[in-house]
Amino acid sequence: MSSAKAPSAKTTSVNAAHSVVEPSSRSKRIAATLVIVYAVVTMVPLVWIFLTSIKSPPDSISYPPKILFTPSIEGYCNLFTTRTRQTAEYIASLPEPDGVCDAVTRQRNMVIAGSSNFLPRFANSLIIAFGSTFLAVGLGTLAAYGFSRFKVPLADDLLFFILSTRMMPPIAVAIPIYLMYRQLGLSDTALGMMLLYTAVNVSLAVWLLKGFIDEIPREYEEAAMIDGYSRLQAFRKVVLPQATTGIAATAIFCLIFAWNEYAFASLLTSGSAQTAPPFIPTIIGEGGQDWPAVAAGTTIFLVPILVFTILLRKQLLRGITFGAVRK
Amino acid sequence: MTTSPNSYADKAAEVAARATPERLVVRVRALSDRAIAWLFIAPTIVLLLAINIFPLFWAIYLSFTNFRANRPNAEVKHVGLDNYTRVLNDPDIWVSMQTTAHFVFWTILLQTLIGFALAYLIDRKFRGHAFWTTLILIPMMLSPAVVGNFWRFLYEPQIGLFAYAVSFLTGIPTSEIQMLGSVNLAPWAIIIVDTWMWTPYVMLICLAGLRSIPDYIYEAAEVDRASNWRQFWSITVPMALPFIMLAVLFRGIENFKMFDMVNLLTGGGPGSTTEVASITLKRDAFEAWATGRSSAFAIVLFVAVFGLANIYVKALNRVKQR
């Protein structure tokens, strides 16, 4: 049995630089090469999104696809504005263009008619995603702690019940939810979407966090409680700090889900609470999808998640390794 | 050590603890533990009951009626099991179940193999592995809908980068690489995007599994002169297995109800070659407005996933306890 051999491995010597389990430098080189090749290939579509966002519409649909081109701000202009076609004479009669977008638009014989719906949709996404993540992680942490530390009757059944709520295809839930929300006045509201996303995310949060909290030795809290902490104090001052990495990782997963959700959003919101994912594919220009504008919207849509993930990168990696127990 | 109690429950427990003899203290603590357990778990359960379970029962009720959501004021008739017999005897629905199974099988197989391989390579801890890991994780952060929509552009036979790259590498003319328009290629177009997106998810969970294996086990194996091959199959794979299985569970459930990417990439087409269950459901519920019948289909789907997942979780628990 492996556990019987454990004491024979003396920790002091093997943790030094020349540990027997340290991969050889050759295997490291091979691993690095393969991983880097994968990473580069996997980034191509994303780089292409960004490049398309700074292409002019003719450049974006040229054959063969253009890698070298003159950057253009037109995609971003088109993303934020609505435009109407005008005659050359009318445009010539206008005063000097007001700003870059105005000038770019006029070169296409168009004038800016107003602002598009992108900003309000983006704001909806922000509010709904962060609100529901906060709620889901809050509820999930409490429930996960409850399941991890206490003898809850039928705990396995309850946990499975929580997971099973995630198995319904969203389309299947959408109609009754829509009818229910209509009764409650929650249809097409940010609050309604927030509650819905919280309910979907809390199952993931409970499951992930229970794993993280299970890995924190009970002895920590027991020691704290012997020192006079109440159960709630021990939870707040011992367990929560130890679980930070796990909570951060869970929050990122929840945030990604809520930010990206499309099925419910496309079926349950139509106007004031519509989020960005159902909106972005509907961005069309003259004669089909306006790909630079779509790419611009996609690029902007990605930035908040990217920033958030990079900020939490170390915790995410450590969190997912259950690093809280490392000490 | 702090003495400031932070809630009413704490205060009560402390007062009780000071005033009562030893045996009672134990009982008060035990009671308050149970109260805390329910206090912690109840909000989650209540939320799920309101937003998930209540609609589920509503859907079950609707599945026995001829209700149509676009005619809320029409008389609702109870039709018994009619909707269920129609769903289970509908050949189109069986075709869509096969399409779903094909999609789920290939995405999970590819994602698990590539994801685990990547995690294994990253776990060699070469210089800069954290940076490359972060890069690899990016696709799964994107919205399947927004990205699926953009892949439509990449898949364009004339102007798309994908077709151009494939044609450049293989010499096949781009006009023949109709990823979304061809009956044979469209299912693979979706599998490719899904694998591109979600392999990092599997990788991340596998990486956690690999890193949870304590070094001393490998050290012991070294002492016993176990070969790398032997270590991989006798230590690495079995010890990471619960993590791999968890990743497969989540991906399996997610892909079984896959909607957004397919809806935006192909909308179920060409014809109905990529019509997975959720698309059929959407067409039935939101285009044909056959709410009763589509609810019945939804319940059938749910029972199928629920049954499969139930068996799967039992297996997962057995692996964990080993």
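Helix axes here are lines fitted to C-alpha atoms over the stretch in contact, and angles run from 0 to 180 degrees between N-to-C directions. The model shown is predicted.

**View 1. Helices α8(B) and α10(B) cross in chain B.** Two packed helices are described by the angle between their axes and the distance between the axes. Here helix α8 of chain B covers residues 186–211, and helix α10 of chain B covers residues 228–256. Their axes come within 8 Å and cross at roughly 145 degrees. The crossing is right-handed.

**View 2. Residues at the contact of α8(B) with α10(B).** From α8(B), the contributors include B:D194, B:W198, B:Y201 and B:I205. From α10(B), they include B:T236, B:F243, B:I244 and B:R251. By class, this contact has twelve nonpolar, three polar and two charged residues.

**View 3. Chain B touches chain A.** Chain B gives 86 residues to the contact, and chain A gives 90 residues. Helix α2 of chain B (residues 22–62) supplies the largest share of chain B's side, with 17 residues. That side of chain B divides into 60 nonpolar, 14 polar and twelve charged residues.

**View 4. Chain B as a whole has 13 helices and zero strands.** Its radius of gyration is 26 Å, well over the 20 Å that the globule rule gives for 322 residues, so chain B is more spread out than a compact globule. The C-alpha trace spans about 85 × 70 × 35 Å along its principal axes. Buried residues make up 43% of the 322 residues in chain B. Of the chain B contacts between residues at least 6 apart in sequence, 68% join residues at least 24 apart.

How values were computed:
Residues numbered from 1 in each chain as written. Chains lettered and ligands numbered in written order. Predicted model: local features only at pLDDT ≥ 70, side-chain atom pairs only at ≥ 80, totals over all residues. Helix = DSSP H or I, 4+ residues; strand = E, 2+ residues; numbered from the N terminus. Rg over C-alpha atoms; globule rule 2.2 N^0.38 Å. Buried ≥ 20, exposed ≤ 12 C-beta atoms within 10 Å, placed from the backbone. Contact = placed C-beta atoms within 7 Å. Nonpolar A, V, L, I, M, F, W, Y, C, P; charged D, E, K, R; others polar. Left-handed = near helix turned anticlockwise from the far one by under 90°.
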